[in-house]
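Student: I'd like to learn how to read the sheets and helices in a model like this one. Can we take it feature by feature?

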Amino acid sequence: MPKSPTVDGQSAGDSRRRSLSALLRRVHLGGPVSRAGLAEWLGVNRSTVLALTTDLVAAGLVREGFPELTGRAGRPSLVVRPATDRAYVLAFDIAVDRLVAARVGLGGEIQDRREAHRARAGVDLDAVVRVLADFGRDLHRTATPGAVCVGLGASYCGMIRPGDGMVRFGPDLGWVDQAFGAELGRRLDLGLPVLVGNEAHLGALAEHQRGVGVGVRNLVYLHGDVGVGGGIIVGGELLGGDGGYGSEVGHMLVNPYDGRPCGCGSRGCLEAEVGERALLDAAGRPADLIGRDAVREVVEAADRGEPAARDALRTVGDWLGIGVANVINLFNPGMVVFGGVLREVYRGAATHVQERIAANVLPVSRTRAQLRVSALGDDATLVGAAELGFARLLADPLGVRVG
Ligand SMILES: [Zn+2]
């Protein structure tokens, strides 16, 4: 039977699915909200909200109840909450120093997690997938009886082909064209695909949806580990580029003539000048010293007044300021967020970053761009992976079977 057309050519079914999607997304990301609040937010009347919530209650995705007593007179509007114990995703984070798996309930709460330290080099696909699949099966097995896994999402510290989770280039692990998403999905054997995203892209989305950048429609997120990843949100959408490999702020060329060599094969990229090694070398730390703790130690040493550490943060802060000045001039963001180890670097070098921005950013853009550190911290990329896992359910709430 053909769908009934509406004035704008969309079927009534499409319109209803979009409304259900918007409502569930609002409750999932924003938490409990009254029916009256939902009606206002969706721009519909209360009877429409009643019909939509009734469908979502029947599907086991939300619950309704009375709000906490407010002391105000009158009959309170029912509050709609996500059914956190009915639907969950498994989220995975393949970071430079660690492998993480988590079970995340609808509404975004991390219910349980497993974590392993990861050696930086010489780890093959099989070893990584084996650890993550064991974690994932364990988290699946220990979920609340009757809860349904609605998606699988993973964050990977490299360049990912959208669609199939192929790692095109993972310089840190030395991976080129490794079928990571497909292999993890096969090992988990849950009948669901593993959606994989670049860590900085997912960190940007997570900060935009649940972190420091909620409500900021134009946002640049910089994620520091060994290098620097970037995620750029324009008009509320991630800027993926033609092949999904965009937003690579870390490989913005800032020092082409006498710059440091970069892991990508080029020279003088932003990440070569502000990455972990650049800071540790500038501070005169030994070549075998690596990791976030080593970066944190330099920032603490600078706080205590150690000249080499202060000079290192001035140099790195100036390069970071150059990179940030360029992205502010290009994208006119409302916020620039420093995540991963760049949280520590920015705390130690904020003055130098801000001086460069004051000197080189167009005043009309400079006054709008707030500089912030990540609110989600080390879990930003994991939270982004979980949201990737929820995407299918949120797009079509009644199309995914729950209970
Ligand atoms: Zn590079």
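Tutor: Let's begin with pairing: two strands pair if DSSP finds at least two bridges between them. Helices (H or I, at least four residues) and strands (E, at least two) are DSSP runs, numbered from the N terminus. This is a predicted model, where local features need pLDDT of at least 70, side-chain atom pairs count only at pLDDT 80 or more, and totals for chains, interfaces and linings use all residues. Residues are numbered from 1 along each chain as its sequence is written, and side-chain values use heavy atoms, with hydrogens and water left out.

Student: In what order do the five strands of the open sheet come?

Tutor: Strands of a sheet pair through backbone hydrogen bonds, either parallel or antiparallel. Here the order is E6-E5-E4-E7-E11, with mixed pairing. E6 (110–117) and E11 (194–198) are the edge strands, each with a single partner, so one side of each has no neighbour in the sheet. From one strand to the next, the twist averages 15 degrees. Inside the sheet, E4 (residues 87–94) runs parallel to E7 (residues 148–156), joined by eight bridges, and Ala 87 sits opposite Val 148 in E7.

Student: Which strands does H6 lie across?

Tutor: H6 lies across E7 and E11, at about 90 degrees to E11. Such angles run from 0 to 180 degrees between N-to-C directions, with axes fitted as lines to C-alpha atoms, for helices over the stretch in contact.

Student: How many of the 12 residues of H6 are buried?

Tutor: Buried means under 20% relative accessible area, with a 1.4 Å probe and protein chains only. Nine of the 12 are buried, so H6 is largely enclosed by the rest of the structure. Among them are His 201, Leu 202 and His 208.

Student: And how do I describe H6 against H13?

Tutor: Two packed helices are described by the angle between their axes and the distance between the axes. The axes of H6 (residues 199–210) and H13 (residues 380–395) come within 7 Å and cross at roughly 85 degrees. That makes the pair roughly perpendicular, a label covering 65 to 115 degrees. Contact means heavy atoms within 4.5 Å; the H6 residues that meet H13 include Leu 202 and Ala 206.

Student: What about the hairpin of E12 and E13?

Tutor: E12 (residues 219–224) and E13 pair antiparallel over six bridges, with three residues between them in the hairpin. E13 (residues 228–234) is mostly covered, as six of its seven residues are buried.

Key
Parallel < 35°, antiparallel > 145°, perpendicular 65-115°, else oblique. Buried < 20%, exposed > 50% of the residue type's maximum accessible area, 1.4 Å probe, protein only.
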